[in-house]
Structures are given as structure tokens and as C-alpha cells.
Amino acid sequence: MQTAPSSTPQRSATEEAALPRVPSRGLPGRGGGKASYVEAAPEWRATTRQVCGLWPFIAGSGTPMVGVPVGRDLRSHATVCCDPISWFARAGLIANPSMFVLGKPGLGKSSLIRRMAIGLCGFGVQPLIFGDLKPDYVDLIGALGGNVVALGRGQGALNVLDPGAATAAALRLTGAARRKLTQDALGRRLTMVAALVGLNRRSRVTDVEEAIIAGALGVLDEHHRPGEATLMELIAVLEEGPEALRRVTLARDNHKRYREATDGLQASLVALADGALGSTFATRTSVPVTLSAPLCIDISGIAETDEKLQAAVLLACWGEGFGAIAAAQALADAGVEPQRNFFIVLDELWRVLRAGEGLVDRVDALTRLNRQKGVGMALITHTMADLLALPSEADRMKAQGFAERAGFIATAGLAADQLPALERVVALSQPERDLITSWSSPPSWDVVAEQEAPPPGRGKFLIKVGGRPGVPVEVVLTQGELAVNDTNKQWRQR
Ligand SMILES: Nc1ncnc2c1ncn2[C@@H]1O[C@H](COP(=O)(O)OP(=O)(O)OP(=O)(O)O)[C@@H](O)[C@H]1O
Ligand SMILES: [Mg+2]
């Protein structure tokens, strides 16, 4: 059989080499078809089942897939999964289960954390908000079927002498574990009373006064069931001056010396119980703090100007909350209950830090201990300057450590002058700097709807782990989330 002659004549190798070469973008000149601009191909992430036909035209993606799905990578559109607990415990991406969120107001910082709280709740991690100042989390925790406890003037009360969850937990333990939990709870109660007295009179409690409080609490425990006695009964013990207490003051039978030693403290306790803080702390606990479900302690009813009460309530909430976590841990260690992890949210950190003396120390202790206690943490504030705006140098140094110790930093839009302070904690490349400042642009005016368009940086975050390249992510809220996410409610209702 004869083959048909080819229409193109055969060329020799020398003729072939002499022909003009077509570059990868096409021939220049008229009719050459040169593409002067080649657009980068969009990247998408999908499962192997969805894109099996495209193999091997795939590129590895840099965004982690472990944790709560928070949104899409702004460059690759790949799903970004991120939360401090999964990144620490499952992926091993960070050294500490905590995150620090920064950004201008209204850009969606609390919304990002709410998304993480929802996801973590699905993973079996309990979200806990020990002091919601705005409130940002009340609707969410309610929707998750959790407990919302309101504290403040004319609202709920928290008895500072109540050992809380530790009492019930200790009964389920034996031997050394029971002793340790009970002693920890008693120690926490003593610290709490001393802190409240110190906060109320604006000077620290002395070591002798602390010993007197400890002695008086010991006397109370002999006559009352846990949670029964309040500050009123504590004052009555000081007034009465039983033998055990006189021994602590070295007054023995000398009544005058006893009065000299205890009068100052007693006056401070009376001021605490009768004053502004009394209605909240000097009566029996109205709703006990339990960690069996997500929890939000709503303290938004306390006026912003009522700084002393705000600081005192925050201290008491953390004391109570961490006591409950310690009790849950002790039960898990003894094998009585399953091991549980918690996600603690400290929103509006700038207000917490400024609320009063001692709060910086408390947050400092929390950020150092969270890993050992099996809790993940999210700290949220506006700028790094919030951490540096504290009156004492020691507090400023401690506060800066919060950002330095965080497992990772998620930053929304920031003004350019805020970046140097951030760069002391994480390294930023020029494109990353540009991205963060571009997100801080003000919203434009929508002439059709006659209202402001959403801010360009809303829901956009750069996730940075140390010096690694950041992951820019956009959080898109679902309908269900929008219903529990509206912190602009007061404006919309007009
Ligand atoms: N990704 C998003 N998509 C759409 N709306 C959003 C998004 N993120 C936040 N919002 C809306 O923007 C408003 C402000 O959000 P949010 O309270 O989370 O901001 P914030 O950064 O925590 O503000 P602040 O600094 O004042 O606490 C809310 O009404 C919220 O519903
Ligand atoms: Mg917020």
C-alpha cells in the first residue's frame, strides 16, 4: 500500500535551524500573536476526587488544613484552617496554644474568634469567656446551648469565699489528689479576698493581713459548709476574735493588741462588703460557674466608668473560672472524667489591662500557664500601642510579652505607624506591610444605597507565625453566624 505524500516538504536539519524561533510568548510583530502580558493562572484547592482528571497539573499549597476552617487564602483561594488549639496539639505548627489578634475597630476581630469558637466547640473544645465586656459572645454562647451568666450591679452575684467547682470535684477524688485540689481552692480563695481588698483600698494587703485573712477563713470553714459563708461572716469572725485568730496576730489574751492588728483589715473588709463591690461579692453565688457547656460571663452591664467594679469582677471571674478548670483537670488526671480542653477568649484586652492594678499580672500568669493547663487562648486588642500605654514600666514590659509569647498573630488592617511596634514581635515583608495598611483604608460611600460600603479590610487577616511568610485570609461569615455576630446592632436598630 502506498502512503500519501506529505503536504509539507521535508526540510534538512540545516534548513530547520535557519528558521526563526518562536519564543514562548509568540512571535513579535504584526500577525505574530505575541502575548505581552501573561496572567498568573488562578490556583484552587480541591480534593483528589474532585480534581483527579487534572493531575499532575497541581501545585502544593502552603496553607495548613488542620483546625477550624476560617476562610480562603486571598492569593490561592485555598481553604485556610486555623485555630490555636489544633495548630498546637494536632499540627505541631506553633509552640504555644495561644493567638494574639490585632486590628482597627470594626474589622471583624471578634467575628474571627467567634468562628474559631464555633469550630472548636464542634471539635469538643469548650469555649469560655470569663468576662464579656461588650457583649460580643452572649448571642453565640446562647446559640451553642451554653450558659450565660450576667454579673454586675443589680445582676448576678459571685461569692468570693465560695470554693466553687472544687468542692464537688474533691468529693470524687481520694488521697493526695483530693488534698491538692482542696488546698489549691483554698489558696485561690485567699488570693481573691486579698486582691479585692487591695483593689478597693488601692494599696496591697500586707503579709500579716494575709495571714489574718487565712486564719479567719480557716475558722469559717469549721462552722460553715463550702459556699455558705460570705464576706459578712468573715467580718464577724474578725470582730469576735476567736483564739485561733489571736494566735496568728500574736495578741493572745491582749485584746488591745488584737484590735490594733486587725482593725485596719476589718475596716477594709467592711468597706468592701458595704461599698460598690458588696452587692456583687458579699452575697452567695447566684449562678455557679460550671464548665459542662460553653460559658460566657456577661459583665457588659457594668458601666465603663465603673473601673473598680470592672477590674474586681474580671479578677473574680478568672479566679472562679480557673478554679473550675483546675477541678476539671484534677478529675481528668484521676481518670474520673474524660480529658477536656478549653478555649479562653480575652477580648478587649486594652480595657482589661487598664481596668486596674494587678490585672496585667493576672493576664501574664494566664499566658504563661495555658499550655500546662490544657487551655488555648485568644487575646484581642486594637494595636500594639495598647500594650505600651500602661502607667508602670514593669506592666508595659509584661504586656509586650503577651504578643511575644503568642503561638501566632492574626492581624487585620493597621495604620502604617503601628507596624514598627508589630515588627518587633514578627518579621513582615514589604508586600505584607502593604497588605496590612491597605486593609486599614476607610470605607467608601455607596451612592446608590446612600450608605457607607463595608470597610475594605473587613474580615481580612494576615496570619503570622514568627518569621514564616504570612497567610492572608478572608473570613466570609455564614448566614447563621451573621445572626449571632452583629456588634453594630445598636446602629442598625435606628
Ligand atoms: N467577615 C465579615 N463579613 C461580614 N461582616 C463582618 C465580617 N466580620 C465582621 N463583620 C461585621 O462587622 C461588625 C464588626 O465586627 P466585629 O465586632 O467582629 O469587629 P471587631 O474588630 O471585633 O471590632 P472592635 O475592635 O470594635 O471590637 C459586626 O457587625 C460584624 O457582623
Ligand atoms: Mg471586637
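# Close-up views of a predicted model

**View 1. Tyr258 is found in helix H11, which spans residues 255-274.** The model shown here and in the views below is predicted. Tyr258 is buried, because 20 other C-beta atoms lie within 10 Å and a count of 20 or more is the cut-off. Leu245 lies 13 residues from Tyr258 along the chain. The C-alpha atoms of Tyr258 and Leu245 are separated by 9.0 Å.

**View 2. Ala271 also has its place in helix H11.** Is Ala271 buried or partly exposed? Ala271 is partly exposed, with 15 other C-beta atoms within 10 Å. Leaving aside neighbours within four places in sequence, Ala271 is in contact with Asn200 and Arg201. Val197 is 74 residues away from Ala271 in sequence. In space, the two are 8.7 Å apart, C-alpha to C-alpha.

**View 3. Eleven strands form an open sheet with mixed pairing.** The strand order is E2-E1-E13-E12-E9-E3-E8-E7-E4-E6-E5. Strand E2 (79-81) and strand E5 (147-150) are the edge strands, each pairing on one side only. On average, neighbouring strands of this sheet are turned by 25° against each other, direction ignored. Helix H4 (residues 109-122) lies across several strands, including strand E1 (69-73), strand E3 (98-102), E4 and E7. Strand E8 (375-380), strand E9 (408-411) and strand E12 (460-464) are also among the strands that H4 lies across. H4 runs at about 165° to E8.

**View 4. Strand E4 covers residues 126-132 and is largely enclosed by the rest of the structure.** Why is E4 described as largely enclosed? Seven of its seven residues are buried. E4 pairs in the parallel sense with strand E7 (residues 342-346), over three bridges. Gln126 stands opposite Phe342 in E7. Pro127 has Phe343 of E7 as its bridge partner. E4 also runs parallel to strand E6 (residues 295-298), with four bridges joining the two. Here Leu128 stands opposite Leu295 in E6.

**View 5. Strand E7 is mostly covered, with five of its five residues buried.** Which residues lie on each face of E7? Phe342, Ile344 and Leu346 are on one side, and Phe343 and Val345 are on the other. These residues are all buried, and both faces of E7 are covered. E7 and E8 run parallel and are joined by five bridges. Phe343 has Gly376 as its bridge partner in E8.

**View 6. The largest nonpolar core holds 128 residues.** Which residues touch the most other members? They are Leu196, Leu231, Ala327, Leu346 and Ala378. Helix H13 (residues 307-333) gives the most to this core, with 17 residues. In soluble globular proteins, nonpolar side chains tend to be buried together. Leaving aside its neighbours within four places in sequence, Ala378 is in contact with Pro84, Met99, Val101, Ile113, Met116, Val345 and Leu346.

**View 7. Helix H17 (residues 393-405) has 13 residues.** From its first C-alpha to its last, H17 reaches 19 Å, close to the 18 Å expected at 1.5 Å a residue. The buried residues of H17 are Asp395, Ala399, Phe402 and Ala403. They cover an arc of only 90° around the axis, so they sit on the same side of H17. An α-helix has 3.6 residues a turn, so residues three or four places apart point the same way. The buried residues of H17 pack against E3, helix H14 (349-354), helix H15 (359-369), E8, helix H16 (385-388) and E9. Which exposed residues does the face turned away from the buried side of H17 carry? That face carries Glu393 and Ala394.

Terms used:
Residues numbered from 1 in each chain as written. Chains lettered and ligands numbered in written order. Predicted model: local features only at pLDDT ≥ 70, side-chain atom pairs only at ≥ 80, totals over all residues. Core = buried A, V, L, I, M, F, W, Y, C linked by C-beta atoms within 7 Å. Buried ≥ 20, exposed ≤ 12 C-beta atoms within 10 Å, placed from the backbone. Contact = placed C-beta atoms within 7 Å. Pairing = 2+ DSSP bridges. Axes fitted to C-alpha atoms, helices over the stretch in contact; angles between N-to-C directions. Expected span 1.5 Å × (residues − 1). Arc of directions from axis to C-beta.
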